[in-house]
Amino acid sequence: MKKDNNNRGARYGMVIDLDKCTGCGACVAACASENNVPVMHDESDKTRSINWLQIYKITNGKEFPDIEIAYIPRPCMQCDNPPCVPVCPATATKRDPNTGIISQIYTRCIGCRYCMAACPYHARSFNWFDPPFPKGTERSLTTEVSPRMRGVVEKCTFCHHRLMSAKQRAYAEGRRELREDEYIPACAEACPVNAITFGDLNNPKHKISQLIKSKNAFRLLEKLGTEPKVYYLSSKEWVRRMADNYLQGEFESRN
Amino acid sequence: MDADLKKSDKYGWVFLIAGLIGALIVGWIIFPALLYSKKEQPIHFSHAKHGPDSDAGMSCEDCHFFYEDGSFSGIPKIAKCIECHEDAELPLSDSEEEEKLFTDYIVPNKEIPWLVYSRQPECVYFPHMAHVKMADIECNVCHGEMAKQDSMPVYKVNRLTGYSIDIWGRNIAGLKKNTWDRMKMNDCAECHTEHNKENNNACFVCHK
């Protein structure tokens, strides 16, 4: 599996610098409007709302003045070893060998939600209702992204349609290769502090493949072996530990 | 008693054949006829009278062109028609259809509500650029000999799905003689595989 993952095509990934992230939520808003994520009738019902990108707030649990907080924006991790893919009985979700992105085909999804149960990151949402697009708002929909219907699961696609548009433009100019800045998702573009870096992990010339070598780089729940392609950077040790579901004394007691 | 049984044995096959033929007629003729509703195009456009072998001598790309960003224009807007059909007083032919074009669309500056034979479902992404420019595929490989067509075929739409019959194929059994007879997912995949582009059969290459 791993060999197969690393040798074919691109492996698009993301690095989010948590030291820069202020938790402003611009990425969440940009993501929702780019990907036709609807505003539900009752958005206070968090078990029924749809989020492709969500921001989690964590604290080190200390009292003032020692308290520290960090925000973790969480898109789909686009795992190289995705737990959601093998559980899908309809083959509606697959790892694309050309890009490493986990595809989700809404017309193929039967809505069983096995993938939601399998995903340790809660990156997937279920459409409990047909999306409400009140009259007039449908004019602002992104034409390259198909809207979802009631009864299917959806998730972040790293704005895959932007990759397709970028490729199309490159072809028009007679190129087959994309430049690094030609394809970035809406969240990375919207971030006011440039906390999100996007690129091809397989391409050593891309900035991202240098960033992940940092000693501050980590991934969420790394020990599960899902091999996420979304990396985080934090200079704070407590943040890095929390991201791996670290329990105090866990590693010490094993030895 | 025995004689009665024999009699029904003897003629049982008649009912079987009659029922079978009836069911086949319903399944192959009546149901497909009911399933598809027929619509006429708003104007009888003749590709043959505009195309490369005509007096107009236009190429496909003159009307069905690419934008600078690589996206495909599809069916031309009325502005494209006006480029040649400029003046209602000076029509280019004596056809009634051209008169209709002027009175109904060009003079009131209204778009023609064309019915698109090859309109794919919303979940499908098809880049013309990748196929026409990068793979050098001729228009007719998917669309058939449109350039030679003198009249537009009847547009048939599936009442249940809302898709054009040209996606399924005009042959109701789904049989295919030419590359342009069907436009289903398997036809895309077949061509990708034939040209050693199996990687392009990944879901997210054509779905969005």
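Predicted model: local features only at pLDDT ≥ 70, side-chain atom pairs only at ≥ 80, totals over all residues.
V28(A) counts as buried, because it has 20 C-beta neighbours inside 10 Å and 20 or more is the cut-off for that label.

- Leaving aside residues up to four places away in sequence, V28(A) touches L53(A), Q54(A) and I55(A).
- For a sense of distance, V28(A) and S103(A) are 75 residues apart in sequence, and their C-alpha atoms are 20 Å apart in space.
- Which residues of α2(A) are buried? They are C27(A), V28(A), C31(A) and E34(A).
- These residues lie on the same side of α2(A), because they cover an arc of only 140° around the axis.
- The partners they pack against are β2 (54-59), β3 (69-74), α6 and β8 of chain A.

**The nonpolar core**
- The largest nonpolar core has 56 residues, and I16(A), C187(A) and I196(A) touch the most other members.
- From chain A, β1 (12-17), α2 (26-34), α6 (186-190), β8 (196-200) and β10 (230-233) each supply at least two residues of this core, and so does α10 (203-206) of chain B.
- I16(A) touches C21(A), P73(A), A195(A), I196(A), V230(A) and Y232(A), again not counting residues up to four places away in sequence.
- As general background, nonpolar side chains tend to be buried together in soluble globular proteins.

**The sheet**
- In chain A, 4 strands form an open sheet with mixed pairing, in the order β8-β1-β10-β9.
- Its edge strands are β8 and β9 (217-218) of chain A, each pairing on one side only.
- β1(A) and β10(A) run parallel to each other and pair over 4 bridges.
- Y232(A) in β10(A) is the bridge partner of I16(A), and Y232(A) is also among the residues that I16(A) touches.

**Backbone details to look at**
- Just after α2(A), N36(A) takes a positive phi of about 55°, although N36(A) is not a glycine.
- N36(A) belongs to the loop between α2 and β2 of chain A and is partly exposed, with 19 other C-beta atoms within 10 Å.
- Q78(A) is another residue other than glycine with a positive phi, here near 45°.
- Q78(A) is found in the loop between β3 and α3 (84-87) of chain A.
- Is Q78(A) buried or exposed? It counts as buried, because it has 25 C-beta neighbours inside 10 Å.
- F64(A) and P65(A) are joined by a cis peptide bond, with omega at about 5°.
- P65(A) lies in the loop between β2 and β3 of chain A.

**Chain A as a whole**
- Chain A has 9 helices and 10 strands.
- Of the 255 residues of chain A, 38% count as buried.
- Among contacts in chain A between residues at least 6 apart in sequence, 62% join residues at least 24 apart.

**Where the chains meet**
- In the contact between the chains, 19 residues of chain A meet 20 residues of chain B.
- On the chain A side, helix α5 (residues 160-172) gives the most, with 7 residues.
- By type, the chain A side divides into 8 nonpolar, 7 polar and 4 charged residues.

Definitions and conventions. Residues numbered from 1 in each chain as written. Chains lettered and ligands numbered in written order. Contact = placed C-beta atoms within 7 Å. Nonpolar A, V, L, I, M, F, W, Y, C, P; charged D, E, K, R; others polar. Core = buried A, V, L, I, M, F, W, Y, C linked by C-beta atoms within 7 Å. Buried ≥ 20, exposed ≤ 12 C-beta atoms within 10 Å, placed from the backbone. Arc of directions from axis to C-beta. Pairing = 2+ DSSP bridges.
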